[in-house]
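Me: Got a structure here I'd like to go through with you. Can we take it piece by piece?

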Amino acid sequence: MSKSSSIPAPSQAPKTQAHSMTSLLGRPTAGIVLLLAFYILLLAAFSFLSPYFLTLSNLSNIGTNMAFIGLMAAAGTPLIIGGGLDLSVAAVAGLAGVIVALMHANGLNIWMGCLTALVIGCAVGVLNGFIVTRLRLNPLIATLGTMSIFSGISMVLTGGLSKPLFIPAFNWLGSGRVAGIPFPVILMLLVFVVLWLVLSKTPFGRYVYATGGNPEASSLLGVPVERTQMVLYILSGLSGAAAGIILAAMLGAAAPNAAGQHLLTIIAAIILGGTSLFGGRGSVWGTLIAVLILGTLNNGLTLMNVSSFWQDVTRGVVLLMAVGLDQLRVRLQS
Amino acid sequence: MRKGIGFVAAERKRQGLIGNLSVRTNTTLPYLGRFTQFGMVDRSREEASTQAWIKTLGVKTAGPNQEIRLLSGGNQQKICLARWLLGNPDLLILEEPTRGVDLGARREIYAEIRRLAEAGLAILIVSSDAEEVAGLADRTLVLEDGKVVAELAQAATAAEMMRAAETLSTAGNQNELEKV
């Protein structure tokens with residue numbers, strides 16, 4: 001009796017299970033839900049492994065350390081959705097800090113320095129946008145070039161040395177708090193919310209997805225493809241400058257090469273967050289969770305006394321696993 | 001493009017569709033301004049309008065929010081047609097309107113083209129399918145290497161077209177028709 005009734009069951013069960021799995025994983029929000037689940041798991045694991053992890057001061061530490069990276073990743077997300085890429089963003093951050101420090105050293109007002117840095121960030125965005133949309137260079141090559149140019153200029157301007165920047169009002173940008181929350185974190189969250197609204201609600205956001213999905217068809221359908229990409233490069237340059245200012249304020253110094261090492265973390269966060277490098281697909285919330293995951297991973301492993309070399313290895317493994325899973329998801333979907 | 005002319009390209013995948021975006025997004029893209037209020041796209045109005053076209057043209061899809069790449073060629077082409085009709089164009093240019101479209105959908109597209117023409121829309125069909133042109137056109141121009149080689153009156157048959165083309169040697173003719 002048990003034989004005859006149990007035989008059809010196993011063949012049935014995996015089928016329906018696979019089907020419900022497919023439809024569940026096929027939802028557009030599934031990627032973000034998976035990411036969030038992974039993050040909660042990570043939080044739980046670290047709280048279990050280290051008594052220092054789940055404290056308010058440590059959590060706000062994670063936030064502050066990731067905020068300037070998050071700023072650049074936030075603006076990088078719509079750029080990559082729109083079919084672009086900006087490798088120069090971290091170099092712009094370094095340059096922004098250097099500009100603020102040098103202008104201050106020459107007796108100029110610190111806020112004038114900040115404004116100048118933001119304007120130069122925009123200008124680099126215009127340059128990148130011009131090279132990509134007008135000269136039609138591949139964005140990877142174009143921004144690899146400008147990255148090298150601007151990190152080089154930062155080095156030339158400072159002779160490779162950090163410049164101290166101790167001005168309490170300025171340093172507040174990096175270490176100040178509003179209602180207990182670090183200012184850099186507030187700024188980052190604000191940027192994420194604004195970019196989410198722009199991407200999901202405005203015609204410009206629609207143009208970003210269309211441009212990244214199929215530029216040729218978009219252009220034939222009246223989408224201002226080049227203008228859209230230009231705006232995205234400017235946003236990216238601007239985010240680089242803002243991140244550089246925050247970082248210099250946090251460190252109390254402008255180090256020309258302080259931001260450059262974080263470029264790969266920025267790109268990794270965007271990809272981990274489910275944005276396709278081929279364009280047309282992605283969301284800023286995915287990027288935010290990914291930024292938190294990478295920051296938490298770093299912090300948790302440090303608390304557990306894992307060497308920073310192993311942290312790089314772990315980050316790589318997490319990235320590959322996440323992208324692999326996402327590929328699987330997309331394949332299941334179609 | 002914005003001057004009241006709609007254009008449905010022959011290379012649907014490459015020039016007509018943004019494959020990974022939804023049916024709704026693909027439908028409303030050329031006239032997105034009409035769905036925008038205070039700088040925000042009104043999604044529910046988009047959905048209603050897309051749903052209406054899905055019904056009118058008999059598009060087989062899971063709904064306005066399905067990715068368009070998952071639709072069949074014929075149903076994709078119906079969306080390519082529908083999106084221009086949202087803007088009430090003065091002239092609609094269709095390039096190979098039924099390439100890669102199955103028979104059932106092809107008949108429905110022909111019926112829609114007929115209906116639109118009768119309603120007073122000027123339609124220019126560029127096609128290498130003589131039968132298609134014969135069945136639809138009010139006026140037919142036979143083109144070769146960008147030059148008009150023959151102009152045929154109303155109700156020209158496919159055979160007449162082929163003859164007009166063949167008297168000037170070489171095959172690979174393009175028939176163009178205009179009807180108002």
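Me: What share of the contacts in chain A with a separation of 6 or more comes from residues 24 or more positions apart?
Reply: This is a predicted model, to start with. In chain A the share is 77%.

Me: And what is that share in chain B?
Reply: In chain B, residues 24 or more positions apart account for 65% of the contacts with a separation of 6 or more.

Me: Back to chain A. How many helices and strands?
Reply: Chain A has 15 helices and four strands. Its radius of gyration is 22 Å, close to the 20 Å from the globule rule for 334 residues, so chain A is as compact as a globular protein of that length.

Me: What does the C-alpha trace span along its principal axes?
Reply: For chain A, about 90 × 60 × 35 Å. Buried residues are 45% of the 334 in that chain.

Me: Let's zoom in on α7(A). What span should its 20 residues have, at 1.5 Å a residue?
Reply: Helix α7 of chain A, residues 139-158, should span 28 Å. The C-alpha atoms at its ends are 28 Å apart, which agrees.

Me: Which residues of α7(A) are buried?
Reply: Pro139(A), Ala142(A), Thr143(A), Thr146(A), Met147(A), Phe150(A), Ser151(A) and Ser154(A). Down the axis of α7(A), they fall within an arc of 150 degrees, so they line one face of the helix.

Me: Why would residues three or four places apart point the same way?
Reply: Because an α-helix has 3.6 residues a turn.

Me: What covers the buried residues of α7(A)?
Reply: The cover includes α5 (89-105) and α6 (110-133) of chain A.

Me: What follows α7(A)?
Reply: Gly159(A) does. Its phi is positive, near 65 degrees.

Me: Switching to chain B. What's its secondary structure?
Reply: Seven helices and eight strands. Of the 180 residues in chain B, 41% count as buried.

Conventions. Residues are numbered from 1 along each chain as its sequence is written. Chains are lettered from A and ligands numbered from 1 in the order in which they are written. This is a predicted model: local features need pLDDT of at least 70, side-chain atom pairs count only at pLDDT 80 or more; totals for chains, interfaces and linings use all residues. Helices (H or I, at least four residues) and strands (E, at least two) are DSSP runs, numbered from the N terminus. The expected span of a helix is 1.5 Å times one less than its number of residues. A residue is buried if 20 or more other C-beta atoms lie within 10 Å of its own, exposed if 12 or fewer, and partly exposed in between; C-beta atoms are placed from the backbone. The arc is that of the directions from the helix axis to the C-beta atoms. Two residues are in contact if their C-beta atoms, placed from the backbone, lie within 7 Å. The radius of gyration is taken over C-alpha atoms; the globule rule is 2.2 Å times the number of residues to the power 0.38.
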